[in-house]
Amino acid sequence: MGYSSTQHETSHLVWDWNGTLLDDIDAVIEASNAAFAELGMEPITLARYRELYCVPVPRFYERLMGRLPTDEEWVVMDGAFHRHYGARVEACALAEGAAELLAAREAAGVTQSLLSLAPHEDLVPIVRRLGIESHFVRVEGRTGPSNGGKAAAMVRHLDTLDALSATGPLPRQRTVVIGDAVDDALAAAHAGARAVLYTGGSHSRASLETAGVPVVDSLAEAVAIAAEGAGERPYRRP
C-alpha cells in the first residue's frame, strides 16, 4: 500500500533514533564504560564522549586508543557494547516532548520516517513499546555491518519512500533529517536533503557546529527550523 505525499510540498522529516527521539545517552555512557572495563580501557565521561564520538564508530575507538582497532578487536568491542546497552535500553524513554511533536507533525499532514544505525531487529520492538510506530511511514534500522555511516542507507531510505509514495517522489530540498550526530548531516547532504542537529545526544555543540547546519538544544526547535526552511509557518509546540 502506498502513502500520499501531497504534503511533501511542505516537508518530510527523517528522524534519527538513538540520542534524538530516544533519550538514551546515559545508557550509552554506562554501556560504553562497562564494555571498556571488560577490555581493560579507562572509563569515559559524558563530556569526553561527546567531544570524541564520531561515525563510523571504529574511528571513535581510534580517538580513544590512538589507533584503529583490528577487525577482531572491533568484533569484541562492538559485541561488548551492545550486550551492555541491551541490558539498559528498556529503561530508556523518549526525549522530552518527542511524542507530542510526532503527533503534531502528523496532524499537520507532514509525513515522517525513522532511520537508525541501531539493529533493525532491536529497533522495531522499542519503537512499538513506546507507542510511536504509527507516526512513521517507514521505520528502518541497520541490517548490515555496524562499522559504517548512514549516507548510503539514507539514499536507500529515501528511494524506498519514493517507491512507496502514491503521489510522487519526495522533494529532497524539502526533506529534513533531524539527528544528533555530524554523520546525520553528512548523510542528509549525500542524499540531497537538509539537516538540523540536536545537542541532546552523542555530540557536543562545538562538534555539531562543524557540520555547517542549524544546531538546536531541543527537538521542538529542530521541528520549528525544519518547518520554516520548508516555507511553512513557524511550528508552535502545542
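**Exercise 1. Helix 1 and its cover**

Find what covers the buried residues of helix 1.

*Solution.* Start with the ground rules. This is a predicted model, in which local features need pLDDT of at least 70 and side-chain atom pairs count only at pLDDT 80 or more, while totals for chains, interfaces and linings use all residues. Residues are numbered from 1 along each chain as its sequence is written, and side-chain values use heavy atoms, with hydrogens and water left out.

Step 1: locate the helix. Helix 1 spans residues 25–38; helices (H or I, at least four residues) and strands (E, at least two) are DSSP runs, numbered from the N terminus.

Step 2: compare its span with expectation, taken as 1.5 Å times one less than the number of residues. With 14 residues, helix 1 reaches 20 Å from its first C-alpha to its last, close to the 20 Å expected at 1.5 Å a residue.

Step 3: list the buried positions (under 20% relative accessible area; exposed is over 50% and partly exposed in between, with a 1.4 Å probe and protein chains only). In helix 1 they are Ile25, Ala27, Val28, Ile29, Ala31, Ser32, Ala35 and Phe36.

Step 4: name the cover, judged by contact (heavy atoms within 4.5 Å). It includes strand 2 (22–23), helix 2 (46–52), helix 3 (57–65) and helix 4 (71–86).

Step 5: look at one more residue of the helix. Ala34 lies in helix 1, and it touches His84 and Arg88, not counting residues up to four places away in sequence.

Step 6: leave the helix. After helix 1 comes Gly40, with a positive phi near 75 degrees. The loop between helix 1 and helix 2 holds Pro43, which counts as exposed because its relative accessibility is 61%.

**Exercise 2. Two crossing helices**

Work out at what angle the axes of helix 3 and helix 4 cross.

*Solution.* Step 1: recall the convention. Two packed helices are described by the angle between their axes and the distance between the axes. Here the axes are lines fitted to C-alpha atoms, for helices over the stretch in contact, and angles run from 0 to 180 degrees between N-to-C directions.

Step 1: read off both values. The axes of helix 3 and helix 4 come within 11 Å and cross at roughly 100 degrees.

Step 2: classify. Helix 3 is therefore roughly perpendicular to helix 4, since angles of 65 to 115 degrees fall in that class (under 35 is roughly parallel, over 145 roughly antiparallel and the rest oblique).

Step 3: find the residues that meet. Val57, Pro58, Tyr61 and Met65 come from helix 3, and they meet Glu73, Trp74, Met77 and Phe81 of helix 4.

**Exercise 3. Aromatic pairs**

Determine how many aromatic pairs a search of the whole structure finds.

*Solution.* Step 1: apply the criterion. Rings of Phe, Tyr and Trp (its six-membered ring) pair if their centres lie within 6.5 Å; planes under 30 degrees apart count as stacked, over 60 as edge-to-face and the rest as tilted.

Step 1: count. The search of the whole structure gives seven aromatic pairs. One of them joins Tyr49 and Tyr53, stacked at 5.2 Å centre to centre with 20 degrees between the planes. Both of these tyrosines, Tyr49 and Tyr53, are buried. Phe60 and Tyr61 form an edge-to-face pair, at 5.6 Å centre to centre and 65 degrees between the planes. Phe60 is buried, with a relative accessible area of 2%, and Tyr61 counts as buried at 4%.

Step 2: connect the rings. Ring pairs link Phe36, Tyr49, Tyr53, Phe60, Tyr61 and Trp74 into a cluster.
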